[in-house]
Amino acid sequence: MNEHDNAMQPLIMDELDTNLYQGIRNTLAEARSKAYSAVNSAMVEAYWEIGKQIDKAVGERAEYGKGLLKYLAGQLTAEFGKGFNESSLRRMRQFFKTFPNRAALWHELSWSHYRLLMKLEDDSRREFYGRECVESAWSVRQLERQINSFYYERLLATKKSGVESVKNEIHALEPKTSPDYILKDPYVLEFLDLKENRDYHESDLEQALIDKLQEFLLELGKGFSFVARQKRITIEGDHYYIDLVFYNYILKCFVVIDLKAGKLTYQDIGQIDFYVRYFEDNVKLQGDNPTIGIVLCTDKNDTMAKYSVLSENENLFASKYMLYLPTEEELTHELKREREIIERKNALDEEAER
(Lines give C-alpha, C1' and ligand atoms only; values in the text may rest on other atoms or scores of the structure.)
Protein backbone atom coordinates (compact mmCIF):
# COMPACT_ATOMS: atom_id res chain seq x y z
CA MET A 1 0.00 0.00 0.00
CA ASN A 2 1.54 3.36 -1.06
CA GLU A 3 1.48 6.65 0.86
CA HIS A 4 -1.57 7.86 -1.07
CA ASP A 5 -3.52 4.76 -0.06
CA ASN A 6 -2.45 5.24 3.56
CA ALA A 7 -3.69 8.84 3.50
CA MET A 8 -7.03 7.81 2.00
CA GLN A 9 -7.68 5.01 4.52
CA PRO A 10 -9.00 7.23 7.38
CA LEU A 11 -11.30 9.04 4.94
CA ILE A 12 -12.75 5.75 3.71
CA MET A 13 -13.23 4.51 7.27
CA ASP A 14 -14.92 7.79 8.29
CA GLU A 15 -17.33 7.46 5.38
CA LEU A 16 -18.04 3.80 6.23
CA ASP A 17 -18.62 4.70 9.90
CA THR A 18 -20.97 7.53 8.95
CA ASN A 19 -22.96 5.34 6.56
CA LEU A 20 -23.18 2.55 9.14
CA TYR A 21 -24.35 4.95 11.84
CA GLN A 22 -26.94 6.48 9.52
CA GLY A 23 -28.28 3.04 8.59
CA ILE A 24 -28.58 1.95 12.23
CA ARG A 25 -30.11 5.29 13.19
CA ASN A 26 -32.74 5.01 10.47
CA THR A 27 -33.59 1.46 11.57
CA LEU A 28 -34.08 2.55 15.19
CA ALA A 29 -36.05 5.67 14.27
CA GLU A 30 -38.37 3.62 12.05
CA ALA A 31 -38.82 0.97 14.75
CA ARG A 32 -39.65 3.61 17.38
CA SER A 33 -42.13 5.26 15.06
CA LYS A 34 -43.83 1.92 14.39
CA ALA A 35 -43.92 1.10 18.11
CA TYR A 36 -45.44 4.50 18.93
CA SER A 37 -48.03 4.14 16.16
CA ALA A 38 -48.91 0.61 17.28
CA VAL A 39 -49.37 1.66 20.92
CA ASN A 40 -51.46 4.69 19.99
CA SER A 41 -53.61 2.72 17.58
CA ALA A 42 -54.25 0.05 20.22
CA MET A 43 -55.02 2.71 22.83
CA VAL A 44 -57.45 4.62 20.61
CA GLU A 45 -59.30 1.44 19.61
CA ALA A 46 -59.45 0.23 23.22
CA TYR A 47 -60.80 3.56 24.49
CA TRP A 48 -63.39 3.72 21.71
CA GLU A 49 -64.55 0.19 22.58
CA ILE A 50 -64.65 1.01 26.32
CA GLY A 51 -66.67 4.13 25.55
CA LYS A 52 -69.10 2.10 23.48
CA GLN A 53 -69.59 -0.48 26.23
CA ILE A 54 -70.15 2.19 28.88
CA ASP A 55 -72.58 4.14 26.70
CA LYS A 56 -74.57 1.00 25.95
CA ALA A 57 -74.73 0.08 29.66
CA VAL A 58 -75.67 3.57 30.88
CA GLY A 59 -78.07 4.68 28.16
CA GLU A 60 -80.27 7.46 29.54
CA ARG A 61 -79.85 6.42 33.19
CA ALA A 62 -77.70 9.29 34.47
CA GLU A 63 -77.82 8.38 38.17
CA TYR A 64 -77.00 4.75 37.43
CA GLY A 65 -74.14 5.97 35.24
CA LYS A 66 -72.53 7.89 38.12
CA GLY A 67 -72.48 4.81 40.33
CA LEU A 68 -71.29 2.59 37.49
CA LEU A 69 -68.36 4.88 36.61
CA LYS A 70 -67.32 5.05 40.25
CA TYR A 71 -67.34 1.24 40.48
CA LEU A 72 -65.49 0.77 37.20
CA ALA A 73 -62.88 3.42 38.07
CA GLY A 74 -62.09 1.69 41.36
CA GLN A 75 -61.79 -1.76 39.82
CA LEU A 76 -59.80 -0.71 36.74
CA THR A 77 -57.39 1.53 38.68
CA ALA A 78 -56.66 -1.29 41.12
CA GLU A 79 -55.83 -3.68 38.29
CA PHE A 80 -54.44 -1.48 35.49
CA GLY A 81 -53.05 1.58 37.30
CA LYS A 82 -53.65 5.27 36.65
CA GLY A 83 -55.59 6.56 33.69
CA PHE A 84 -58.98 4.99 34.44
CA ASN A 85 -60.58 7.38 36.92
CA GLU A 86 -64.19 8.53 36.51
CA SER A 87 -63.21 11.57 34.45
CA SER A 88 -61.18 9.42 32.03
CA LEU A 89 -64.03 6.93 31.62
CA ARG A 90 -66.48 9.75 30.93
CA ARG A 91 -64.12 11.00 28.25
CA MET A 92 -63.98 7.55 26.64
CA ARG A 93 -67.75 7.53 26.50
CA GLN A 94 -67.67 11.01 24.99
CA PHE A 95 -65.12 9.74 22.44
CA PHE A 96 -67.54 7.06 21.29
CA LYS A 97 -70.47 9.52 21.13
CA THR A 98 -68.38 12.09 19.21
CA PHE A 99 -66.97 9.53 16.77
CA PRO A 100 -69.66 6.79 16.63
CA ASN A 101 -68.38 5.36 13.32
CA ARG A 102 -65.34 3.26 14.17
CA ALA A 103 -64.42 2.85 10.51
CA ALA A 104 -64.14 6.63 10.13
CA LEU A 105 -61.50 7.05 12.84
CA TRP A 106 -58.15 8.45 11.73
CA HIS A 107 -55.70 5.74 12.76
CA GLU A 108 -52.76 8.10 12.30
CA LEU A 109 -53.93 10.21 15.24
CA SER A 110 -53.13 9.57 18.88
CA TRP A 111 -55.44 9.67 21.88
CA SER A 112 -53.98 13.12 22.70
CA HIS A 113 -55.04 14.35 19.23
CA TYR A 114 -58.56 13.02 19.76
CA ARG A 115 -58.83 14.66 23.18
CA LEU A 116 -58.26 18.03 21.50
CA LEU A 117 -60.67 17.29 18.66
CA MET A 118 -63.41 16.30 21.10
CA LYS A 119 -63.36 19.82 22.55
CA LEU A 120 -64.55 21.21 19.21
CA GLU A 121 -68.34 21.36 19.24
CA ASP A 122 -68.79 22.21 15.57
CA ASP A 123 -68.73 19.08 13.38
CA SER A 124 -67.26 20.84 10.35
CA ARG A 125 -64.38 22.33 12.38
CA ARG A 126 -63.66 18.96 13.99
CA GLU A 127 -63.65 17.22 10.61
CA PHE A 128 -61.41 19.91 9.11
CA TYR A 129 -58.83 19.79 11.89
CA GLY A 130 -58.80 15.99 11.97
CA ARG A 131 -58.28 15.73 8.23
CA GLU A 132 -55.62 18.47 8.17
CA CYS A 133 -53.87 16.84 11.10
CA VAL A 134 -53.53 13.58 9.18
CA GLU A 135 -52.56 15.17 5.85
CA SER A 136 -50.00 17.55 7.39
CA ALA A 137 -48.80 15.07 10.06
CA TRP A 138 -49.29 17.62 12.84
CA SER A 139 -48.00 16.80 16.29
CA VAL A 140 -50.36 17.28 19.24
CA ARG A 141 -48.79 20.64 20.07
CA GLN A 142 -49.07 21.75 16.44
CA LEU A 143 -52.74 20.81 16.39
CA GLU A 144 -53.34 22.68 19.65
CA ARG A 145 -51.63 25.80 18.34
CA GLN A 146 -53.62 25.70 15.10
CA ILE A 147 -56.90 25.42 17.00
CA ASN A 148 -55.99 28.19 19.46
CA SER A 149 -54.86 30.50 16.63
CA PHE A 150 -58.15 29.96 14.74
CA TYR A 151 -56.35 28.43 11.78
CA TYR A 152 -59.61 27.17 10.24
CA GLU A 153 -61.25 30.58 10.33
CA ARG A 154 -58.11 32.39 9.13
CA LEU A 155 -57.73 29.98 6.23
CA LEU A 156 -61.31 30.60 5.13
CA ALA A 157 -60.75 34.36 5.31
CA THR A 158 -57.41 34.31 3.46
CA LYS A 159 -57.11 35.06 -0.23
CA LYS A 160 -55.95 32.17 -2.39
CA SER A 161 -52.50 33.71 -2.89
CA GLY A 162 -51.84 33.74 0.86
CA VAL A 163 -53.09 30.25 1.72
CA GLU A 164 -49.68 28.57 1.50
CA SER A 165 -48.15 31.15 3.81
CA VAL A 166 -50.83 30.49 6.45
CA LYS A 167 -50.36 26.73 6.05
CA ASN A 168 -46.58 26.88 6.44
CA GLU A 169 -46.43 29.20 9.47
CA ILE A 170 -46.92 26.31 11.91
CA HIS A 171 -43.49 24.84 11.11
CA ALA A 172 -41.75 27.98 12.38
CA LEU A 173 -44.11 28.62 15.30
CA GLU A 174 -44.25 25.06 16.63
CA PRO A 175 -41.53 22.68 15.40
CA LYS A 176 -42.27 18.96 15.47
CA THR A 177 -41.56 16.99 18.63
CA SER A 178 -38.65 14.53 18.66
CA PRO A 179 -39.20 10.82 17.85
CA ASP A 180 -38.85 9.89 21.54
CA TYR A 181 -42.24 11.46 22.27
CA ILE A 182 -43.52 8.01 23.25
CA LEU A 183 -41.39 8.41 26.40
CA LYS A 184 -43.05 11.74 27.20
CA ASP A 185 -46.75 11.20 26.55
CA PRO A 186 -48.41 10.66 29.95
CA TYR A 187 -51.43 8.98 28.33
CA VAL A 188 -49.23 6.37 26.66
CA LEU A 189 -47.36 5.77 29.92
CA GLU A 190 -50.62 5.39 31.83
CA PHE A 191 -51.98 3.01 29.21
CA LEU A 192 -48.87 0.84 29.52
CA ASP A 193 -48.78 1.33 33.32
CA LEU A 194 -45.22 2.69 33.13
CA LYS A 195 -43.64 5.15 35.53
CA GLU A 196 -43.32 8.69 34.22
CA ASN A 197 -39.89 10.30 33.93
CA ARG A 198 -40.51 14.01 34.32
CA ASP A 199 -37.03 15.02 33.17
CA TYR A 200 -38.28 14.38 29.63
CA HIS A 201 -40.52 17.45 29.84
CA GLU A 202 -37.53 19.79 29.98
CA SER A 203 -35.04 20.76 27.31
CA ASP A 204 -31.37 20.77 28.34
CA LEU A 205 -31.38 24.58 28.60
CA GLU A 206 -34.62 24.65 30.59
CA GLN A 207 -33.36 21.94 32.93
CA ALA A 208 -30.14 23.83 33.61
CA LEU A 209 -32.00 27.09 34.18
CA ILE A 210 -34.45 25.46 36.57
CA ASP A 211 -31.53 23.89 38.45
CA LYS A 212 -29.94 27.31 38.93
CA LEU A 213 -33.21 29.04 39.73
CA GLN A 214 -33.98 26.43 42.38
CA GLU A 215 -30.56 27.05 43.97
CA PHE A 216 -31.00 30.83 43.73
CA LEU A 217 -34.32 30.87 45.59
CA LEU A 218 -33.16 28.45 48.28
CA GLU A 219 -29.97 30.44 48.84
CA LEU A 220 -31.93 33.65 49.44
CA GLY A 221 -32.68 32.28 52.90
CA LYS A 222 -36.05 34.02 53.21
CA GLY A 223 -38.25 31.08 53.97
CA PHE A 224 -38.21 29.14 50.71
CA SER A 225 -38.69 25.38 51.02
CA PHE A 226 -38.59 23.17 47.91
CA VAL A 227 -41.78 21.18 47.24
CA ALA A 228 -41.73 19.76 43.69
CA ARG A 229 -40.27 19.98 40.23
CA GLN A 230 -42.31 19.31 37.10
CA LYS A 231 -45.35 19.04 39.38
CA ARG A 232 -48.12 17.36 37.40
CA ILE A 233 -51.68 18.50 37.96
CA THR A 234 -54.63 16.91 36.20
CA ILE A 235 -57.82 18.85 35.51
CA GLU A 236 -60.70 17.17 33.69
CA GLY A 237 -58.26 14.57 32.41
CA ASP A 238 -55.81 17.15 30.98
CA HIS A 239 -52.24 17.04 32.31
CA TYR A 240 -50.25 20.19 33.10
CA TYR A 241 -46.69 20.49 34.43
CA ILE A 242 -45.55 23.26 36.78
CA ASP A 243 -41.78 23.72 36.55
CA LEU A 244 -41.12 24.51 40.21
CA VAL A 245 -43.20 24.62 43.39
CA PHE A 246 -41.96 26.10 46.68
CA TYR A 247 -43.58 26.75 50.02
CA ASN A 248 -42.52 29.90 51.86
CA TYR A 249 -42.87 29.14 55.57
CA ILE A 250 -42.47 32.80 56.58
CA LEU A 251 -45.27 33.99 54.29
CA LYS A 252 -47.13 30.68 54.73
CA CYS A 253 -47.95 30.37 51.05
CA PHE A 254 -47.13 28.31 47.97
CA VAL A 255 -45.01 29.79 45.18
CA VAL A 256 -45.51 28.24 41.72
CA ILE A 257 -43.04 28.99 38.94
CA ASP A 258 -43.42 28.46 35.20
CA LEU A 259 -40.50 28.81 32.78
CA LYS A 260 -41.31 29.80 29.20
CA ALA A 261 -39.05 29.59 26.17
CA GLY A 262 -39.48 32.47 23.75
CA LYS A 263 -41.23 35.78 24.27
CA LEU A 264 -43.87 36.19 26.96
CA THR A 265 -47.44 36.08 25.65
CA TYR A 266 -50.88 36.76 27.13
CA GLN A 267 -51.44 33.01 26.97
CA ASP A 268 -48.41 32.48 29.25
CA ILE A 269 -49.79 35.01 31.76
CA GLY A 270 -53.13 33.21 31.65
CA GLN A 271 -51.37 29.88 32.26
CA ILE A 272 -49.66 31.01 35.48
CA ASP A 273 -52.91 32.59 36.69
CA PHE A 274 -54.54 29.23 36.01
CA TYR A 275 -51.92 27.45 38.15
CA VAL A 276 -52.37 29.98 40.97
CA ARG A 277 -56.13 29.45 40.94
CA TYR A 278 -55.68 25.68 40.97
CA PHE A 279 -53.47 25.85 44.08
CA GLU A 280 -55.94 28.23 45.73
CA ASP A 281 -58.83 25.86 45.12
CA ASN A 282 -57.18 22.46 45.51
CA VAL A 283 -53.83 22.52 47.31
CA LYS A 284 -53.48 25.20 49.95
CA LEU A 285 -54.58 24.36 53.47
CA GLN A 286 -56.62 26.29 55.99
CA GLY A 287 -54.41 29.01 57.43
CA ASP A 288 -52.26 29.32 54.30
CA ASN A 289 -51.97 32.72 52.67
CA PRO A 290 -52.78 33.30 48.97
CA THR A 291 -50.63 31.51 46.38
CA ILE A 292 -48.01 33.44 44.36
CA GLY A 293 -47.18 32.70 40.74
CA ILE A 294 -44.00 33.62 38.87
CA VAL A 295 -43.68 33.30 35.11
CA LEU A 296 -40.16 33.50 33.68
CA CYS A 297 -39.46 34.25 30.03
CA THR A 298 -36.13 32.96 28.69
CA ASP A 299 -36.15 34.65 25.28
CA LYS A 300 -32.54 35.55 24.49
CA ASN A 301 -33.40 39.16 23.62
CA ASP A 302 -36.27 39.70 26.03
CA THR A 303 -35.61 37.89 29.34
CA MET A 304 -38.09 38.87 32.03
CA ALA A 305 -39.93 37.77 35.18
CA LYS A 306 -43.50 38.57 36.18
CA TYR A 307 -45.36 37.92 39.42
CA SER A 308 -48.93 36.71 39.34
CA VAL A 309 -51.46 36.97 42.18
CA LEU A 310 -55.23 36.95 42.08
CA SER A 311 -56.61 40.49 41.92
CA GLU A 312 -58.16 40.36 45.40
CA ASN A 313 -54.70 39.70 46.89
CA GLU A 314 -52.71 42.49 45.23
CA ASN A 315 -52.58 44.73 48.32
CA LEU A 316 -51.29 41.88 50.50
CA PHE A 317 -48.67 41.07 47.87
CA ALA A 318 -47.38 44.66 47.68
CA SER A 319 -47.39 45.38 51.41
CA LYS A 320 -46.16 42.09 52.91
CA TYR A 321 -45.00 39.56 50.35
CA MET A 322 -42.36 41.72 48.70
CA LEU A 323 -40.46 42.00 51.98
CA TYR A 324 -39.44 38.35 51.54
CA LEU A 325 -39.41 37.87 47.77
CA PRO A 326 -36.81 38.81 45.15
CA THR A 327 -37.96 41.61 42.86
CA GLU A 328 -38.87 40.98 39.23
CA GLU A 329 -35.65 42.79 38.30
CA GLU A 330 -33.54 40.50 40.52
CA LEU A 331 -35.15 37.40 39.03
CA THR A 332 -34.69 38.72 35.50
CA HIS A 333 -31.02 39.54 36.14
CA GLU A 334 -30.37 36.08 37.62
CA LEU A 335 -32.14 34.33 34.74
CA LYS A 336 -30.24 36.31 32.09
CA ARG A 337 -26.90 35.78 33.86
CA GLU A 338 -27.40 32.04 34.19
CA ARG A 339 -28.55 31.67 30.60
CA GLU A 340 -25.40 33.41 29.36
CA ILE A 341 -23.20 31.18 31.58
CA ILE A 342 -24.95 28.00 30.37
CA GLU A 343 -24.75 29.01 26.70
CA ARG A 344 -21.04 29.91 27.03
CA LYS A 345 -20.32 26.56 28.66
CA ASN A 346 -22.25 24.69 25.96
CA ALA A 347 -20.34 26.56 23.25
CA LEU A 348 -17.01 25.68 24.87
CA ASP A 349 -18.04 22.03 25.20
CA GLU A 350 -19.01 21.90 21.51
CA GLU A 351 -15.70 23.52 20.54
CA ALA A 352 -13.78 20.96 22.61
CA GLU A 353 -15.55 18.08 20.90
CA ARG A 354 -14.59 19.24 17.40
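Strand S2 (residues 238-248) pairs with strand S3 (residues 253-260) in the antiparallel sense, over five bridges. Leu-244 has Ile-257 in S3 as its bridge partner. Strands count as paired if DSSP finds at least two bridges between them. Helices (H or I, at least four residues) and strands (E, at least two) are DSSP runs, numbered from the N terminus.

This is a predicted model, in which local features need pLDDT of at least 70, side-chain atom pairs count only at pLDDT 80 or more, and totals for chains, interfaces and linings use all residues. Residues are numbered from 1 along each chain as its sequence is written, and side-chain values use heavy atoms, leaving out hydrogens and water.

The open sheet has five strands in the order S1-S2-S3-S4-S5, with mixed pairing. Two strands sit at its edges, each pairing on one side only:

| Edge strand | Residues |
|---|---|
| S1 | 224-235 |
| S5 | 304-308 |

From one strand to the next, the twist averages 25°. Helix H11 (residues 266-282) lies across S1, S2, S3, strand S4 (292-297) and S5. H11 runs at about 155° to S3. Axes are lines fitted to C-alpha atoms, for helices over the stretch in contact (heavy atoms within 4.5 Å); angles run from 0 to 180 degrees between N-to-C directions.

Now helix H2. Just after H2, Gly-81 takes a positive phi of about 85°.
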